[in-house]
Amino acid sequence: MQRNGVKRTIKRRYHFYFWVIYFAFNVMRWGSYFGDFMYSFKSNLVEFPLHIILVYINVYYLVPRLILKKKYTLYFLWIFLSLALHYIIRSGLNLWLVTEDIWPEVEGRLAPFGLNHILAVTIGELYVLGLTTAIKFTVDFIKEQDANTDLRELQFQTELNFLRAQIQPHFFFNTLNNLYALTLKKSEKAPYVVLKLSDIMKYVLYETSKKRIPLLKEIDHIDNYIELEKVRFGDYVTSKVEINGNIDEVAVVPLLFLPFVENAFKHGPSKTGKMKMSLNFTITQEVLHFEVINTCAPCDSLNLNNGIGIKNVERRLQLLYGSDYNLNIHTTEHEFKVILKIPI
């Protein structure tokens, strides 16, 4: 409620500024034209309240209720009657309060209620109505564009959050099951698993809510994930991570690379018994090259369309980078390879 009140106050302030500036401009313009600034000030002082009333009736009542609802005949009838009433009141007040010479453009002749004077006043008022209506439509258009942008951003973030939430739940369940088995065996590995799992949960809870995180943190998270998977698969898994180039200042979207690593474990040791995996992060010319290669048998029989992991990543890449990324997935009989290039 307080924020809405502030917005209304700002809106009224802009309206006030507009009319003050427009009044000053009119006084100076006609004062200079007639060589009589006092006359210009008095006549504008009489006319401007009528301008303001007619403008607000038009932009806040007639346009939204008639023009926007395509009731054009009724709208023009109202405008005609409003202009006629405006002319009568304006000319009468000028005659009564300012001067009998209300049309000094025609060399001082008294010419109220004549056709030429009516046309001159009406055209001037139509100019005011046209100007203010154009401003109102422009402001409304900008507001609508901003609202649409905010809505698209909200939808974008909602979908990203939904996709991000799908990434690791099965991993946590698997790790907890492994931890349960280790505790039953009173294994010395149990504290190590608890520590690694704590690091991963801390990362997922606190770091992934950010739009960008340091690449080093993302790599540390991937390392923790691999170490926990090695606890599950033991000596059946060998892995290495290589980094080329200076990544100290590189920031990336969190959890963007992990699904490819998850996919390697899903189709690697769980299906073939053993797996070799290598990860490579390379920085060249403002582009991050990510590559993961893992062995599997037979790799060429894998059906990646059944899972949500790769589809999830592709959708996130589309939302985040549009067409400004490159993802290639290659499979041979014994090897699965992913190459991803994204701008940094």
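Is aspartate 140 buried, partly exposed or exposed, and what is its relative accessible area? Aspartate 140 is partly exposed, with a relative accessible area of 31%, where buried means under 20%, exposed over 50% and partly exposed in between (1.4 Å probe, protein chains only). The model is predicted, so local features were considered at pLDDT of at least 70 and side-chain atom pairs at pLDDT 80 or more, while totals for chains, interfaces and linings use all residues. Residues are numbered from 1 along each chain as its sequence is written, and side-chain values rest on heavy atoms, with hydrogens and water left out.

The protein contains 10 helices and seven strands; helices (H or I, at least four residues) and strands (E, at least two) are DSSP runs, numbered from the N terminus. It has 344 residues, of which 37% count as buried. Of the contacts between residues at least 6 apart in sequence, 70% join residues at least 24 apart, a contact being heavy atoms within 4.5 Å.

Side chains of opposite charge can pair when their charged atoms come close. Three salt bridges were found in a search of the whole structure, each defined as a side-chain nitrogen of Lys or Arg within 4 Å of a carboxyl oxygen of Asp or Glu. Aspartate 140 is bridged to lysine 136, with an N to O distance of 2.6 Å. Both residues belong to helix 4 (residues 115–165) and are four residues apart, about one turn of the helix. Lysine 136 is partly exposed, at a relative accessible area of 21%. Another salt bridge joins glutamate 242 and lysine 240, whose closest N and O atoms are 3.5 Å apart. Glutamate 242 is partly exposed at 36% relative accessible area, and lysine 240 is partly exposed at 47%. A salt bridge is also formed by the side chains of glutamate 291 and lysine 337 (3.9 Å, N to O). This pair links distant parts of the chain, with glutamate 291 in strand 5 (residues 287–295) and lysine 337 in strand 7 (residues 335–343), 46 residues apart. Glutamate 291 is partly exposed at 25% relative accessibility, and lysine 337 is partly exposed with a relative accessible area of 25%.

Packing of one helix pair was also examined. Helix 6 (residues 189–207) packs with helix 7 (residues 215–233) at an angle of about 145°, and their axes lie 10 Å apart. Axes are lines fitted to C-alpha atoms, for helices over the stretch in contact, and angles run from 0 to 180 degrees between N-to-C directions. Residues making the contact include Tyr192, Leu197 and Ile200 of helix 6 and His221, Tyr225 and Leu228 of helix 7.

Histidine 51 lies in helix 2 (residues 37–67) and counts as buried at 4% relative accessibility. Leaving aside residues up to four places away in sequence, histidine 51 touches Trp19, His86, Arg90, Glu125 and Val128. Histidine 15, in helix 1 (residues 2–34), counts as partly exposed at 24% relative accessibility. With residues up to four places away in sequence not counted, histidine 15 touches Tyr56 and Tyr60. The side chains of histidine 15 and tyrosine 56 are joined by a polar contact of 2.6 Å. A polar contact is a pair of N or O atoms within 3.5 Å; within protein, one must be able to donate a hydrogen and the other to accept it, and residues adjacent in sequence count only if both atoms are side-chain atoms.
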